[in-house]
Amino acid sequence: MIFEGLAEKLQNTLQGLRGKGTLSEKDVDAAMREVKLALLEADVNYKVVKDFVKRVKERSIGEEVLKSLTPGQQVIKIVNDELKELMGGVQSKLNISSKPPTVILMSGLQGAGKTTTTGKLAYNLKQQGKNPMLVACDVYRPAAVKQLEILADKVGAKFYSEENNNNPVQIATNAVAEAKTLGFDIVIIDTAGRLHIDEELMDELKNIKSSVKPHEILLVVDAMTGQDAVNIVKTFDEALGIDGVILSKLDGDTRGGAALSIRAVTDKAIKFSATGEKIGDLEPFYPDRMANRILGMGDVLSLIEKAQSSVDMDAIKGLDSKMKNMDFNFDDFLLQMQQIKKMGSLKSLIEMIPGLSKQMKNIDVDDKELVKIEAIIQSMTKQERANPSIINGSRKLRIAKGSGMQVNQINRLLKQFEETRKMMKQMSNFTKGKKKMKFPF
Ligand code: GDP
């Protein structure tokens, strides 16, 4: 879970303040000592922590806070404000050129998640109505070129590569020219990474930069590397000059040091964060929403936005009345599941629900379950999907074989499906007020 350790410690410390009717300077001091420790343990830069605690303390012991009716809550609000400021205050957007194509240069060390993120970014932009072209400039690793091609295909974006050309500067230049001719409005250039920063890598990036004059140079850094990520941002910025950072693998970062230190130390904005391996697991980085998540207040806004941008409203049109009339069949079930999957991993969605993340953090939410259900449904015939009641013993055996599952797994799904259908029916009756819900007593 994102910021798991930090979130838990901060929430516990601040919870202690929340209930208090009166608060003294000593109470604030004690709480701030805990906050400081929690931030240091989260691998936040030492100077950043010192300044942060100082600011929160100064604001908290002001007369109007301690004398207010809800001093504990006021202090929590101050912590929230300052966390937000630490991450840059407001969201920092991509620089989209008024004269297309907008050229985005992706940089980063090998393994940081650059290629995956390039695909995710294209998906994100595509959902905003853009028409991106992905350019493979990693001439050293054919596997990386293939990986990008697969991602482009998945996203439905144009893919550009030059098989027999090992000059990344030329490839990038040709790609931008082609994008202009063909009318693509965004060009995202995936470059080679190295295991460590070296001069050759920087020179290559600088050469591409001076040839294609990107509107946006993004650096992908792995959140799990904590303070190292901050140093990488500094070094890339000094050598190349970057416009923003994409923090990858935030889902695996239980500490949060990179997210909380990068802006404060380097003055470079985090523009996006990636929270999983799926194509939909990239979100714009909103400092206020991140601060809310750290303090356990959830992030309903991002959840709604994800639903609005990922779910195909035309595809799910009619589902509502099907649910009410018990017409809901396995085809609809599959459709609904596919729409949810597009929003990202289940775990990343759960974390956005206020109050839920803490309780749910120990529950293993396995996206593979969805894949299994999908395989089972896809092994059913058209008739079986439309009318599950015809699925008898021999049909179950066939479906199990086709999907690589056991018959008891098929039985379980059929039972769950029937229960869901009944529940939908009851709920719709209940809300319509036509029939009273039947209770078994
Ligand atoms: P590159 O060498 O920088 O291009 O890195 P890749 O894009 O090939 O990614 C390296 C590995 O990190 C792959 O296994 C990705 O699936 C994984 N990865 C990338 N982004 C994320 C993320 O946000 N979360 C998680 N959990 N894994 C990621």
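Which residues of α3 are buried? Before we get there, a word on what you are looking at: this is a predicted model, in which local features need pLDDT of at least 70, side-chain atom pairs count only at pLDDT 80 or more, and totals for chains, interfaces and linings use all residues. Residues are numbered from 1 along each chain as its sequence is written.

Helices (H or I, at least four residues) and strands (E, at least two) are DSSP runs, numbered from the N terminus. The buried residues of α3 are Val48, Val49, Phe52, Val53, Val56 and Ser60, where buried means that 20 or more other C-beta atoms, placed from the backbone, lie within 10 Å of the residue's own, and exposed means 12 or fewer. They sit on the same side of α3 because they cover an arc of only 125° around the axis, the arc being that of the directions from the helix axis to the C-beta atoms. An α-helix has 3.6 residues a turn, so residues three or four places apart point the same way. On the face turned away from the buried side of α3 you will find the exposed residues Lys47 and Glu58.

Now to the sheet. Eight strands form an open sheet in the order β3-β2-β4-β1-β5-β6-β7-β8, with mixed pairing; strands pair if DSSP finds at least two bridges between them. β3 (158-160) and β8 (282-284) stand at the edges with a single partner strand each, so one side of each lacks a neighbour in the sheet. Within the sheet, β2 (residues 132-136) and β4 (residues 186-190) pair in the parallel sense over five bridges, and Ala136 stands opposite Asp190 in β4.
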